[in-house]
Amino acid sequence: MFETAEMSRLTVASPVDKLEEVIRICADLGCVHIEEYGNFEDGIGVGKSISSDESAKTSQLLTKARALQSEISAVNTDGPKSLAEVKKLVESMASKIDDALTNIDEARDAESEISNLNERVKALERVAPLGIPLDLMAGFDGLELFIAETSKASKAYSEFSDILSNIELQVAKGVIAVACRPSDSATIQIGLSALGAKPIQIPSGEGSADKMIAEAKSNIESLESNIESSNKAIEQWSKENGRDLVVLLEHLEREESIYTAPTLFAVSNKAFVLDGWVPSSDKSKVESALRKVASHISIEQHVDDHHHHDDHDDSSHVKEVPEELQMLSDYLEMKKISVFEFFKSMDLDESGELEFLEIEAAMKKADIPDMPPLNMAKFLAAIDLNRDGKINLPELDLAVGAIRNGTYTTAEHHDDAQPPIKFENGEFSEPFELLVDLVGRPKYGTFDPTLLMTFTFPIFYGMILGDWGYGLVLCAIAAYFGSKPFAVDPLAQNGLTILRWMGIWCIIWGLIFAEGFGFVWDDTGQMGNSSPFDFIYDWTYANIHVPGTLADLLAMGGLHVPFHRATPGGGLQEYVVLSVYVGILHIFVGLFIGLYTVWKAHGAAAAFFEKGSWLLIMTGGTMQARNMVMGFNELFEFQIWTLLIAVGLVSLVIGLAVYEKFGWVGGLVMGPIEIFGLLANTLSYLRIMGVGVAGVKIAEISINMGWEKIGPAMDAGDIFGLILGIVLFVLVQLFAIALGILSPSIHAIRLHFVEWMGKFYDGSGKAFAPLGGRTLHVEGKS
């Protein structure tokens, strides 16, 4: 519930010819997360993607399917299909996808051609007023032609009056054409510059520009008709085949991940090793499935022995002698067989190096008495000094000699790979994993805050917005988008579920505050005693309130239901105090989680000095401030709580100096400074009050500027005033709703991500991503 799934390290070794079979079994299991191999040692490298006719066909079809999906955004609202049906789709959909892509290409080509034709029409329309055939505009030998646009075309004759007899001048509205001998071209250019004319690029073609414009527009109409026809065909294709495309795309992407999976493996000439993770609960299932094809399987529960701040001596990671290796050494000594002779008997191909299959066969052939089932992973690791995946004669000789001499104390290779994180939340809290993922998955073995955030996030949001009318709007929005095709996507479903809970808690707090659409619904509000909820709130005010003892303890004696959070003397003070208490409680929970996390990982001492110190400071500071607010003591007056703060501060300094490695100077400097950070975190929860009151005032504006003007305008027959009042009321309400969705969300998220999770959360975990992915549209194995 509060921890992620326990993971076990999976190691699989097998001959290369079993590679694809092992990968497909892992993909069918749906619970194998593969660690990428990256050591690049001699003799072992990264594998290559599976190359076959099927893989090439899959890759080609996948590329086309992705391209088509990016264009039509097909959805599957009818549920998954069986694997048998999906395999048929691989054959039947290829030609259909080609047809759809052809329609799309035709539409794109037509759009491109229309764009070109529109540019041509614009160019032709510039020169058409001149009435000069296009072929004449191209010019002749010994003659230069200038065509330009200008707003001063009417002044062209006066500008060129001195040389009119030497040129041909044609003037139309906004355009000029001048033909002249080359000797006059400089004068013409000066004149055009004086007119502020800009040269026009002459369109290609022959004959009348008007005729060409008509032809171009006709072609545009034809192309637009073709586009409409293609779009209708694409739309129809999407209706008929959209579901199949989504299903096929999932299957092809899964197949592609299988074909490219070897690039994550360590592969030699004859064998490969798969290194990965599986949930510990699936250990038996994985072992049973892989035992049929794998030469070696090892699944070991991950134990996190990285205790920070702990002192370890080298013996804690000394490699134990595998029982098999010890027995081999005793056997060779008893039989008077030299290491060289035994090695030669194993090296059947005389390569000078032993693959694990050769070793396994030789060990079985040796028939060593009382030999346990061979754990090849540990056996190889004990001998393979250069970690190249093979054993040579010197390595075997050194290992056996070290055992006989009693000097086998080589430090074990320390693997820092951390398990991937798989959430284990029920259906109720699973949607809120979406929020946790925004910060990053929790580090393996630490606290998963998803379930707590399932409650606290919507509660904080509702406490800020606190209007049952806006809550109903949020629920309606969630229901509306939930009916859309895209809502079948799990990510969309989770988002809509969160939105729905935000709406529900907004309704709950709105009923407590007696607020709906900005109106106050008890007898103190705009409707007075005519409010439909008046009799209910009369009863709740008299019967639902904070118990006397608790009210005295928390200084919240004026807290009734309803209480008006934005009204001084009517609930504003209680709203401020409530916001602070919520913050204190929330931070306390975060610190207790941090205390448990550090204690679990590093022991009680580290937990006390790193997190317990903060709990002491928080408790003492809270009570010191509470007594000041209640008038019992001055803020800086010495009390028992002052002593608690002092003890907490000393503990914090020790924690920073010793456990956080700041040193004593750093601890003494940072300790007091950090206390102000805790104070800032606590006071940050006042944003609940601040943003909440601001929202109330914005909603009041819609009532004061809009709603209250509607009645008098109707009585006076003022149509303009009536319309203005309605418009102002609706617009400000829409603004308040939009702001109410955005602003409280941001602040509620900040209170969790910064003020709360900063007390315990490490979001460095990587997501669990099983080979083959999660099938949504294909039933069973894909």
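Predicted model: local features only at pLDDT ≥ 70, side-chain atom pairs only at ≥ 80, totals over all residues.
**Exercise 1**

Solution: 
- Step 1. Locate the helices. Helix 21 covers residues 604-630, and helix 23 covers residues 663-683.
- Step 2. Look at the axes. They come within 11 Å and cross at roughly 60°.
- Step 3. The crossing of helix 21 with helix 23 is right-handed.
- Step 4. Name the residues in contact. Helix 21 supplies Trp614, Ile617 and Met618. Helix 23 supplies Glu674, Ile675, Leu678 and Thr682.
- Step 5. Sort them by class. Five are nonpolar, one is polar and one is charged.

**Exercise 2**

Task: Describe the second largest pocket by its volume and its lining.

Solution: 
- Step 1. Start with the volume. The second largest pocket holds about 920 Å³ of space.
- Step 2. Go to the centre. The pocket is lined by 28 residues, and the closest to its centre are Gly621, Thr622, Ala625, Leu635 and Leu679.
- Step 3. Find the elements. Helix 20 (572-602), helix 21, helix 22 (640-659) and helix 23 each give two or more residues to the lining.
- Step 4. Pick the main contributor. Helix 21 gives the most, with 10 residues.
- Step 5. Sort the lining by class. It has 22 nonpolar, five polar and one charged residues.

**Exercise 3**

Task: Helix 7 packs with helix 3 and with helix 1. Work out the orientation of each pair.

Solution: 
- Step 1. Take helix 3 (residues 83-127) and helix 7 (residues 209-260). Their axes lie 7 Å apart, at an angle of about 160°.
- Step 2. Apply the cut-off. Angles over 145 degrees count as roughly antiparallel. So helix 3 is roughly antiparallel to helix 7.
- Step 3. Helix 3 and helix 7 cross in a left-handed way.
- Step 4. Sort this contact by class. It has 28 nonpolar, seven polar and nine charged residues.
- Step 5. Now take helix 1 (residues 19-29). Its axis comes within 9 Å of that of helix 7, and the two cross at roughly 140°.
- Step 6. Classify again. Helix 1 and helix 7 are therefore oblique to each other.
- Step 7. Helix 1 passes helix 7 in a right-handed crossing.
- Step 8. Name the residues. Helix 1 brings Glu20, Ile23, Arg24, Ala27 and Asp28. Helix 7 brings Arg254, Glu255, Ile258 and Tyr259.
- Step 9. Sort the contact of helix 1 with helix 7. Four residues are nonpolar, none is polar and five are charged.

**Exercise 4**

Task: Find where Pro562 and Phe517 sit, and describe the backbone there.

Solution: 
- Step 1. Val561 and Pro562 are joined by a cis peptide bond, with omega about 5°.
- Step 2. The phi of Phe517 is near 55°, a positive value in a residue other than glycine.

Technical notes. Residues numbered from 1 in each chain as written. Heavy atoms only, no water. Axes fitted to C-alpha atoms, helices over the stretch in contact; angles between N-to-C directions. Helix = DSSP H or I, 4+ residues; strand = E, 2+ residues; numbered from the N terminus. Left-handed = near helix turned anticlockwise from the far one by under 90°. Contact = heavy atoms within 4.5 Å. Nonpolar A, V, L, I, M, F, W, Y, C, P; charged D, E, K, R; others polar. 1 Å grid on protein atoms, 1.4 Å probe; cavity = no way out; pocket = protein on both sides within 12 Å on 5 of 7 lines; lining within 4 Å. Points joined across faces, edges and corners; volume = space filled by probe spheres on them. Parallel < 35°, antiparallel > 145°, perpendicular 65-115°, else oblique.
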